[in-house]
Amino acid sequence: MFTLSAELTFYIPQATSLKDKRQVRRSLIEKTRQKFNASIAEIDTQDILQTLTIGIAVVSGDAAHRHNSIDEIIRFMEAHADAELTAVEIEGA
């Protein structure tokens with residue numbers, strides 16, 4: 001069994017309230033969960049208005065598959081977020 005996790009940080013310039021931030025978070029996580037079999041959650045910066053930090057975890061029987069999955073998820077989230085991806089940290093490589 002192989003696991004891989006990633007921490008993605010997004011900047012949401014249009015967020016003027018935590019409600020705006022939650023809307024962006026909810027939309028992004030739901031779209032991603034519908035397309036991929038991965039664990040996704042907001043993991044940090046909950047009280048910071050324009051910063052969204054999302055954690056992703058993938059478990060696979062194949063080491064190459066886990067890397068491909070994380071890469072695909074990151075590209076998807078970057079393309080479908082109403083925010084700018086500013087940082088990516090991958091752990092478990």
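Strand 1 (residues 2–11) runs antiparallel to strand 3, and the two pair over 10 bridges. Here, strands pair if DSSP finds at least two bridges between them, and strands (E, at least two residues) and helices (H or I, at least four) are DSSP runs numbered from the N terminus. The model is predicted, so local features need pLDDT of at least 70 and side-chain atom pairs count only at pLDDT 80 or more, while totals for chains, interfaces and linings use all residues. Residues are numbered from 1 along each chain as its sequence is written, and side-chain values use heavy atoms, with hydrogens and water left out.

Back to the pairing: Phe 10 sits opposite Leu 52 in strand 3. Strand 3 also pairs with strand 2 (residues 39–44), again in the antiparallel sense, over 5 bridges, and there Asp 44 faces Thr 53. The hairpin of strands 2 and 3 has 6 residues between the strands, and Thr 45 takes a positive phi near 55 degrees in it. Strand 3 (residues 51–60) has 7 of its 10 residues buried, so the rest of the structure largely encloses it; buried means under 20% relative accessible area with a 1.4 Å probe, protein chains only.

A cavity is a set of points on a 1 Å grid over the protein atoms alone where a 1.4 Å probe fits but cannot get out, and lining residues have an atom within 4 Å of a point. The largest cavity holds about 40 Å³, a volume being the space filled by probe spheres set on the points. Helix 1 (residues 18–35) gives the most to its lining, with 4 residues. Among the lining residues are Val 24, Leu 28, His 80 and Asp 82.

Methods
Buried < 20%, exposed > 50% of the residue type's maximum accessible area, 1.4 Å probe, protein only. 1 Å grid on protein atoms, 1.4 Å probe; cavity = no way out; pocket = protein on both sides within 12 Å on 5 of 7 lines; lining within 4 Å.
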